[in-house]
Amino acid sequence: MTNNKYVLDFVQKYADLLTPDKIVWIDGSKQQKKELIEQAIATGEVMKLNNKLLPGCLYHRTAQNDVARVEDRTYICTRSKDDAGPTNNWMDPQEAYTKLDSIAKGSMKGRTMYVIPFSMGKVGSRFAKYGIELSDSIYVVLNMMIMTRVSPKIYDKLGGTDNFVKCIHAKVNIDLENRYICHFPEDNTIYSINSGYGGNVLLGKKCLALRIASYQGWKEGWMAEHMLILGIQKPNGETKYVCGAFPSACGKTNLAMLIPPETYTSKGYKVFTVGDDIAWLRKGRDGMLYAINPENGFFGVAPGTNVKSNPNALESTRKNTIFTNVAINLKNNTVWWEGLDKNPPQKALDWKGNPWHPGMVDADGKPVKAAHPNSRFTAPIQNCPSLSPEFENPKGVPISAIIFGGRRAKTAPLVYEARDWKHGVFVGSIMASETTAAAAGQVGVVRRDPMAMLPFCGYHMGDYFQHWLNMGKKIKNKPKIFNVNWFRTDENGNFIWPGFGDNMRVLDWILQRCEDAVDAVESPIGYLPKPEDINIEGLEGITLDTIKGLLEVDKDTWKQEAKGIEEFYAKFGYRLPKELRKELKTLKSNLRKA
Ligand code: OXD
Ligand code: MN
């Protein structure tokens with residue numbers, strides 16, 4: 001497959017350690033894929049679904065102790081502990097290699113090791129980064145073939161160099177106590193053991209495209225961000241692009257695939273999806289910031305996805321998709337999950353493989369879920385009806401606005417604009433979400449999640465903030481930066497803003513601000529819309545007064561917020577950029593004066 005010495009040495013080194021019975025080099029061909037699917041069906045690793053209703057779709061169940069990313073077992077292994085920073089778990093690289101090697105040693109005996117060459121970003125583009133993942137899971141191979149560009153062309157592109165991320169995945173025995181997801185940014189290496197769940201094992205995604213790439217971007221002058229990318233085509237045919245960073249489970253996939261309300265579609269507006277989870281950003285020759293989505297598929301949360309909440313996502317899953325930990329409808333061998341429709345299957349298997357029926361309760365009388373709340377679909381991006389025609393553009397798309405957002409019941413208004421790039425970096429750095437009643441534990445606990453990168457930044461977050469500030473100095477035509485909050489609640493705890501497609505109304509204001517087409521009002525936290533500038537035409541139950549309420553900035557709440565920010569910032573010590581300290585001072589003084 002290749003003569004590249006570095007690739008051959010890498011494969012040999014781990015073959016010697018893990019001792020697989022066989023090594024299979026993945027060539028990206030249809031024939032090989034077909035054979036792998038047949039093998040995985042024969043062993044029960046995957047199941048075929050109804051080929052008429054869900055052509056080419058497969059089903060997989062993970063181990064019950066292995067259903068989500070494990071942040072507490074995820075490490076950044078830099079030589080100096082300080083370089084991983086206060087927001088990451090750290091392990092000494094030598095200690096980590098030795099520990100993981102000793103756990104994984106010999107674990108592929110009786111198994112096959114697959115060698116998966118993949119690219120994040122279009123092969124050959126200036127954005128692209130290459131990786132080679134070794135894995136003993138056909139499920140991983142099949143998922144990587146959807147989520148990334150798997151191709152032996154990557155060996156040609158390497159041209160004899162070691163310019164690839166070494167990714168090692170060994171299932172071992174899916175032992176939670178010995179599960180480790182380790183990143184070695186200084187060695188361009190990822191090492192994941194004892195898991196078979198997506199985010200821990202599809203190493204191109206969170207591990208490479210965010211943790212390792214954020215470090216590479218820092219060193220090389222670009223950015224890897226936990227952001228969706230969408231395009232808004234205006235009635236005159238012009239398309240403007242926006243990136244948005246939101247913590248996990250805040251609706252990024254829904255926003256990326258938004259269908260505008262009638263009042264916009266009737267005028268000719270259209271929204272295009274470029275990406276739903278990750279953006280890589282680089283300065284373009286024209287001084288604008290350009291973004292690509294380095295992925296090639298969606299690894300989306302199934303529950304709650306339905307024809308109303310996200311028809312584009314649902315449509316994306318109707319063919320050649322892998323479903324993980326959803327329920328099986330035994331009547332027709334299709335899939336179901338909570339929130340798909342109001343017709344749960346009368347006879348089903350739940351995500352654990354147990355018989356399930358509607359209304360089922362456990363021994364404590366609690367409802368039994370058919371699908372795991374974090375059950376997923378892995379869908380090819382080309383299936384998405386709203387996919388942007390620019391998705392494959394190797395140059396990326398020019399970004400007009402960056403949006404940050406979180407889940408705040410009271411603090412943040414529906415939308416506000418940062419005064420400038422520096423202030424925008426501050427706004428991103430103070431991003432936070434509150435725990436909701438739906439989650440176990442206390443309600444309203446604030447979790448700071450700067451730029452939605454808390455679990456994904458591969459180096460010291462203070463240096464990361466500085467990198468953002470430095471990028472601002474390099475980009476001549478900087479995107480404007482905004483913060484949105486779809487989750488403000490009324491006195492009964494109900495969401496006030498309808499969200500989903502109606503978020504287009506907020507995007508509309510944002511675009512108008514980018515084009516200097518509308519005024520704004522100064523406030524202690526940044527620029528706010530004039531309430532009448534948020535289009536509420538055709539929106540039932542929302543009046544100008546509702547919008548006024550949604551845009552309110554309560555001084556006392558924000559004084560509390562400033563205290564929380566100060567405490568959070570204290571973690572970063574001398575590595576917190578002085579510009580951000582200054583922004584916090586400005587916020588406090590604005591609140592005093594207001
Ligand atoms: C994801 C996440 O799976 O952010 O995208 O957790
Ligand atoms: Mn994500």
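Student: Which strand holds alanine 432?

Tutor: Helices (H or I, at least four residues) and strands (E, at least two) are DSSP runs, numbered from the N terminus. By that assignment alanine 432 is found in residues 432-434, which form strand 27.

Student: Before going on, what kind of model is this, and how are its parts labelled?

Tutor: Residues are numbered from 1 along each chain as its sequence is written, chains are lettered from A and ligands numbered from 1 in the order in which they are written, and side-chain values use heavy atoms, with hydrogens and water left out. Local features need pLDDT of at least 70, side-chain atom pairs count only at pLDDT 80 or more, and totals for chains, interfaces and linings use all residues, since this is a predicted model.

Student: Is alanine 432 buried or exposed?

Tutor: Buried means under 20% relative accessible area, exposed over 50%, and partly exposed in between (1.4 Å probe, protein chains only). Because the relative accessible area of alanine 432 is 4%, alanine 432 is buried.

Student: Which residues is alanine 432 in contact with, beyond its sequence neighbours?

Tutor: Contact means heavy atoms within 4.5 Å. Leaving aside neighbours within four places in sequence, the residues in contact with alanine 432 are Gly406, Arg407, Arg408, Val446, Arg447, Arg448 and Asp449.

Student: How is the chain divided into domains?

Tutor: The bounds come from an automatic or database domain assignment. The division is domain 1 (5-45 + 71-220), domain 2 (225-293 + 391-593) and domain 3 (298-383).

Student: What area is buried between domain 1 and domain 2?

Tutor: Over C-alpha atoms, the centres of domain 1 and domain 2 are 33 Å apart. In contact across the interface are 30 residues of domain 1 and 33 residues of domain 2. Buried area is the accessible area (1.4 Å probe) that two parts lose on being put together, summed over both. Carbon and sulfur atoms give 56% of the area buried between domain 1 and domain 2, which is about 2800 Å².

Student: How many salt bridges are there between domain 1 and domain 2?

Tutor: A salt bridge is a side-chain nitrogen of Lys or Arg within 4 Å of a carboxyl oxygen of Asp or Glu. A search of the whole structure finds 32 salt bridges. Between domain 1 and domain 2 the count is 7.

Student: Which helix gives the most to the side of domain 1 that touches domain 2?

Tutor: Helix 3 (81-84) and helix 8 (204-220) each supply at least two residues of that side of domain 1. With 12 residues, the one that gives the most is helix 8.

Student: What network of salt bridges includes aspartate 277?

Tutor: Aspartate 277 also meets lysine 252 in a salt bridge (3.2 Å, N to O). At 6% relative accessibility lysine 252 counts as buried, and aspartate 277 is buried at 9%. The linked residues are Lys205, Lys206, Lys252, Asp277 and Glu295.

Student: What is the distance of the polar contact between the side chains of lysine 205 and glutamate 295?

Tutor: A polar contact is a pair of N or O atoms within 3.5 Å; within protein, one must be able to donate a hydrogen and the other to accept it, and residues adjacent in sequence count only if both atoms are side-chain atoms. Lysine 205 is in helix 8 and is buried, with a relative accessible area of 6%. The side chains of lysine 205 and glutamate 295 make their polar contact at 3.0 Å.

Student: Which residue makes a side-chain polar contact with threonine 378?

Tutor: Threonine 378 lies in strand 24 (residues 376-380) and is buried, with a relative accessible area of 0%. Among the residues that threonine 378 touches are Ile146, Met147 and Phe299. The side-chain polar contact is 2.6 Å, and the partner is asparagine 143.
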